[in-house]
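This report walks through one model, from a single chain to the places where its parts meet. Keep the sequence and the 3D view open while you read.

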Amino acid sequence: MSSSTYYVPEQSRWPILASIALFLLAYGAGTLLNAMNADRGGGLGLVLLLAGALMMGLILVGWFGNVIHESRDGLYSPQMDRSFRWGMSWFIFSEVMFFAAFFGALFYVRTLALPWLGGEGDKGVSQMLWPEFTAQWPLFNPPDAEQFPGPREVISPWHIPLLNTCLLVTSSFTLTLAHKALLKNERMQVRRWLFLTIVLGLVFLGFQAYEYVEAYHELGLTLQSGIYGATFFILTGFHGLHVTLGTLMLIIILGRIVVGHFSPRQHFGFEAVAWYWHFVDVVWIGLFLFVYVL
Amino acid sequence: MSTLETTLESHEHAHHGPAKGIGRWLFTTNHKDIGSMYLWFSLLMFFIGGCMALLIRAELFQPGLQLVEPGFFNQMTTMHGLIMVFGAVMPAFVGLANWMVPMMIGAPDMALPRMNNWSFWILPFAFAMLVSTLFMDGGAPNFGWTFYAPLSTTYAPPSVTYFIFAVHMMGISSIMGAINIIATILNMRTPGMTMMKLPLFCWTWLITAFLLIAVMPVLAGVVTMMLMDIHFGTSFFNAAGGGDPVLFQHVFWFFGHPEVYIMILPAFGIISHIIPTFARKPLFGYASMVYATASIAILSFLVWAHHMFTVGLPLVGELFFMFATMLIAVPTGVKVFNWVATMFRGSMTFETPMLFALAFVVLFTIGGFSGLMLAIAPVDFQYHDTYFVVAHFHYVLVPGAVFAIMAGVYYWLPKWTGHMLNETMGKLHFWISFIGVNITFFPMHFIGLAGMPRRIPDYALQFADFNMVASIGAFIFGLSQLIFLWNVIACVRGGRRAEARAWEGAEGLEWEVASPAPYHTFATPPKLPETPR
Ligand code: HEM
Ligand SMILES: [Cu+2]
């Protein structure tokens with residue numbers, strides 16, 4: 001087949017295997033959580049979950065391996081490249097909307113729900129539920145403090161979070177420098193900048209983990225400490241997961257650079273990961289502003 | 001299922017026909033195979049969800065509790081809704097897109113064929129998990145397809161955890177399917193097919209795919225918050241911790257309202273192909289159709305709280321969402337006008353696909369009007385959560401979305417199988433369905449206005465007559481779908497040979513290739529015919 005026609009792959013085993021893996025993951029997680037809730041041992045659920053995760057990991061290696069081989073065999077036309085670009089862009093858009101749901105929840109709670117509970121505004125009658133409740137943010141005193149004991153303190157934005165902001169913003173620059181170097185085919189430079197980006201990502205994650213430990217042990221800021229803790233952890237938690245994933249992808253890209261993949265003209269794998277990394281960075285800016293500072 | 005034997009002869013140099021055995025379906029990367037699997041899956045779900053509906057209607061045949069426990073009744077309404085929305089209607093449209101979009105735009109396949117197969121194969125697993133909850137301790141989800149918190153969090157059966165993960169899986173499937181459709185339409189059109197020459201089914205699907213990518217992640221977000229509330233002690237939907245159960249409804253309906261347009265925009269596309277074919281006139285107002293679809297999609301993000309008028313919104317909220325909702329009727333009206341204008345002075349014939357399309361135009365419009373009534377916030381205080389709402393959304397979804405799917409299937413079956421369908425049986429199916437659907441859902445308007453609440457297994461005596469009528473209609477409609485099944489199978493297995501242009505007035509690239517369409521079409525981009533549409 002000439003490279004001018006669009007490449008339509010032959011049959012592939014990966015999709016059906018990936019569906020099975022996803023099913024194991026989901027079913028395992030469900031079983032584990034339900035067992036934990038009922039104070040039963042979660043043996044079976046855990047096994048299924050881990051089996052699914054392992055299987056999914058292997059599949060991703062195999063599936064992406066296929067794609068990389070096909071790409072290096074020159075099967076992909078510029079049109080194929082555009083399909084990948086559209087695919088990645090819209091995937092990132094879907095991620096934006098996923099975070100938007102949680103940001104939306106945060107804004108709603110802060111600007112509407114809490115003031116109403118505190119007796120202000122159009123639906124201030126809700127105060128009749130807990131007449132002593134006063135609205136504040138951060139919320140140290142949830143309406144029912146027995147069930148949801150509020151945090152004693154919250155994370156100050158000007159220590160670790162500020163540092164983390166600097167780390168992530170810097171990492172976006174170093175990644176761009178890596179890309180520039182790749183365009184000029186200075187492969188040693190690419191390695192250096194990529195390595196630095198990964199280190200920045202890892203340090204970020206380390207700080208984040210430290211912050212969580214501090215929140216749980218020193219500040220009483222937990223998932224159970226009312227809506228502040230809930231929004232705080234769901235937003236920073238999902239962001240942290242995305243940074244973890246992004247760092248993993250960067251490590252893989254670095255590995256591929258080391259073994260000689262990517263040319264100055266063709267390196268969409270690199271670019272896709274870079275897009276993802278910048279997206280994660282932008283989400284962090286939003287987090288820093290709306291979760292920590294304001 | 002087996003359009004295959006006949007397609008074996010027509011192979012191109014590099015490609016060959018389909019693989020043999022079950023492996024063909026498990027490992028396929030072919031958009032036609034995947035389209036067929038989506039459609040068969042959807043049909044299966046349609047029958048499973050349909051059985052649940054018939055159980056519901058059997059219980060409601062008379063007042064009092066006869067057949068099922070109230071708890072089980074709730075599981076049936078919940079599962080019926082979930083299965084029909086996520087298992088029957090959405091996959092059917094994706095199946096139609098898989099089959100038709102590449103052929104309409106002259107592409108060799110979908111843009112990302114392996115991912116395409118993954119999108120499909122997630123679904124059987126997701127629904128196996130969802131349906132398996134029926135056999136779990138505490139029973140299946142019983143909180144309605146809208147799963148409002150705290151009913152779905154604090155008071156839910158343990159199976160809600162599996163429900164949440166099943167929704168995640170469906171979301172992943174939908175998002176990947178949507179990405180594929182967008183990449184295909186934006187990137188794989190044959191040279192010369194500009195966006196304003198794009199067939200309308202592709203346009204409506206392009207916009208639907210955008211809606212899917214925008215709102216499925218929000219659905220994932222809301223079920224994730226539920227999961228956290230249930231298992232990790234957060235208080236998103238619990239005012240005791242400073243959260244708000246109403247927050248659930250906002251996030252859910254931010255997904256939910258665009259979702260109802262996800263279920264109707266592709267239907268608009270199908271109808272916009274069928275009516276011109278059988279009126280033998282080009283579609284009236286192509287450009288305005290495109291703009292109307294786009295405006296409906298944009299507006300659909302701004303109207304979600306019309307589902308929440310009675311929850312206690314601030315007055316400005318009620319007013320804003322009331323007027324925004326009414327605004328949607330304008331582009332919708334443009335569409336109905338264009339369909340009617342297309343038929344005006346056309347040389348019409350009334351084959352089965354056209355009958356379904358005509359019924360769509362009339363009955364969908366009835367559903368649109370009842371929607372407008374519901375959009376008036378002060379009167380919605382009376383209609384909300386009554387059978388009037390049930391009547392509304394069944395009019396837009398059954399003789400709307402489902403009729404459009406059936407019209408599309410009848411319209412394109414000759415292209416898929418190489419056989420014309422049996423017109424007599426097709427017309428029989430149409431008339432029984434048409435009568436059945438109206439007997440079922442029209443009386444629901446009256447009992448709703450009279451105050452019968454939805455989602456209850458028993459009711460006051462004054463509603464008895466209309467409920468009995470509705471139940472009889474439901475069985476007529478349900479059983480008539482067996483004719484549909486018969487028709488499809490018969491058409492796959494044999495019948496009068498279909499020509500490439502199976503319908504006299506049909507226009508578009510998909511009618512230039514042989515019937516049945518060869519396993520691989522358009523390995524090289526085709527030349528556009530002179531007069532598209
Ligand atoms: C002119 C267009 C439409 C308007 C003005 C409209 C308006 C409304 C309103 C105000 C409600 C809420 C009623 C209540 O709960 O009290 C509603 C419910 C609903 N509508 Fe529509 N609608 C329109 C079109 C559609 C379409 C095209 C679909 C789907 C294809 C649809 C599907 C639904 C569904 C499923 C519900 C009920 C959800 C539930 O509570 O379970 N609607 N509609
Ligand atoms: Cu709506």
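## Chain A at a glance

Chain A has 7 helices and 0 strands. Helices (H or I, at least four residues) and strands (E, at least two) are DSSP runs, numbered from the N terminus. Read from the N terminus, the order of elements is α-α-α-α-α-α-α. The model is predicted: local features need pLDDT of at least 70, side-chain atom pairs count only at pLDDT 80 or more, and totals for chains, interfaces and linings use all residues. Residues are numbered from 1 along each chain as its sequence is written, while chains are lettered from A and ligands numbered from 1 in the order in which they are written.

Along the principal axes, the C-alpha atoms of chain A fill a box of roughly 75 × 45 × 35 Å. Of the 294 residues in chain A, 38% are buried. A residue is buried if 20 or more other C-beta atoms lie within 10 Å of its own, exposed if 12 or fewer, and partly exposed in between, with C-beta atoms placed from the backbone. Two residues are in contact if their C-beta atoms, placed from the backbone, lie within 7 Å. Among the contacts in chain A with a separation of 6 or more, 68% link residues 24 or more positions apart.

## Helix α4 of chain A

Helix α4 of chain A covers residues 160-183, 24 residues in total. From first C-alpha to last, α4(A) reaches 35 Å, close to the 34 Å expected at 1.5 Å a residue. The expected span is 1.5 Å times one less than the number of residues.

Which residues of α4(A) are buried? They are Pro161(A), Asn164(A), Thr165(A), Leu167(A), Leu168(A), Ser171(A), Leu175(A), Ala178(A) and Leu182(A). An α-helix has 3.6 residues a turn, so residues three or four places apart point the same way. The buried residues of α4(A) pack against α5 (187-219) and α7 (268-293) of chain A. Just after α4(A), Asn185(A) takes a positive phi of about 60 degrees.

## Where chain A meets chain B

The two chains touch: 59 residues of chain A are in contact with 60 residues of chain B. On the chain A side, α1 (14-37), α3 (78-117) and α6 (226-258) each give two or more residues. Helix α3(A) gives the most, with 21 residues. By class, the chain A side has 38 nonpolar, 15 polar and 6 charged residues. Ala, Val, Leu, Ile, Met, Phe, Trp, Tyr, Cys and Pro count as nonpolar, Asp, Glu, Lys and Arg as charged, and the others, Gly among them, as polar.

Phe107(A) lies in helix α3 of chain A. Is Phe107(A) buried or exposed? It counts as exposed, because it has 12 C-beta neighbours inside 10 Å. Phe107(A) and Thr231(A) are 124 residues apart in sequence, and their C-alpha atoms are 10.0 Å apart in space.

## Around ligand 1

The shell around ligand 1 holds 25 residues. A residue belongs to it if its C-beta atom, placed from the backbone, lies within 6 Å of the ligand. The closest are Val260(B), Gly371(B), Leu374(B), His384(B) and Phe393(B).

Helices α11 (315-343), α12 (352-375), α13 (377-383) and α14 (387-417) of chain B each supply at least two residues of the shell. The largest share, 7 residues, comes from α14(B). By class, the shell has 14 nonpolar, 10 polar and 1 charged.

## A helix pair in chain B

Helices α7 (residues 200-231) and α9 (residues 265-279) of chain B pack at an angle of about 175 degrees, with axes 8 Å apart. Axes are lines fitted to C-alpha atoms, for helices over the stretch in contact, and angles run from 0 to 180 degrees between N-to-C directions. α7(B) and α9(B) are therefore roughly antiparallel to each other, a label for angles over 145 degrees. Their contact has 9 nonpolar, 5 polar and no charged residues.

A cis peptide bond joins Trp137(A) and Pro138(A), with omega about -5 degrees. Pro138(A) lies in the loop between α3 and α4 of chain A.

Phe147(B) is not a glycine, yet has a positive phi of about 30 degrees. Phe147(B) sits in the loop between α5 (113-132) and α6 (160-187) of chain B. It counts as buried, because it has 24 C-beta neighbours inside 10 Å.

Note on methods
Angles under 35 degrees count as roughly parallel, over 145 as roughly antiparallel, 65 to 115 as roughly perpendicular and the rest as oblique.
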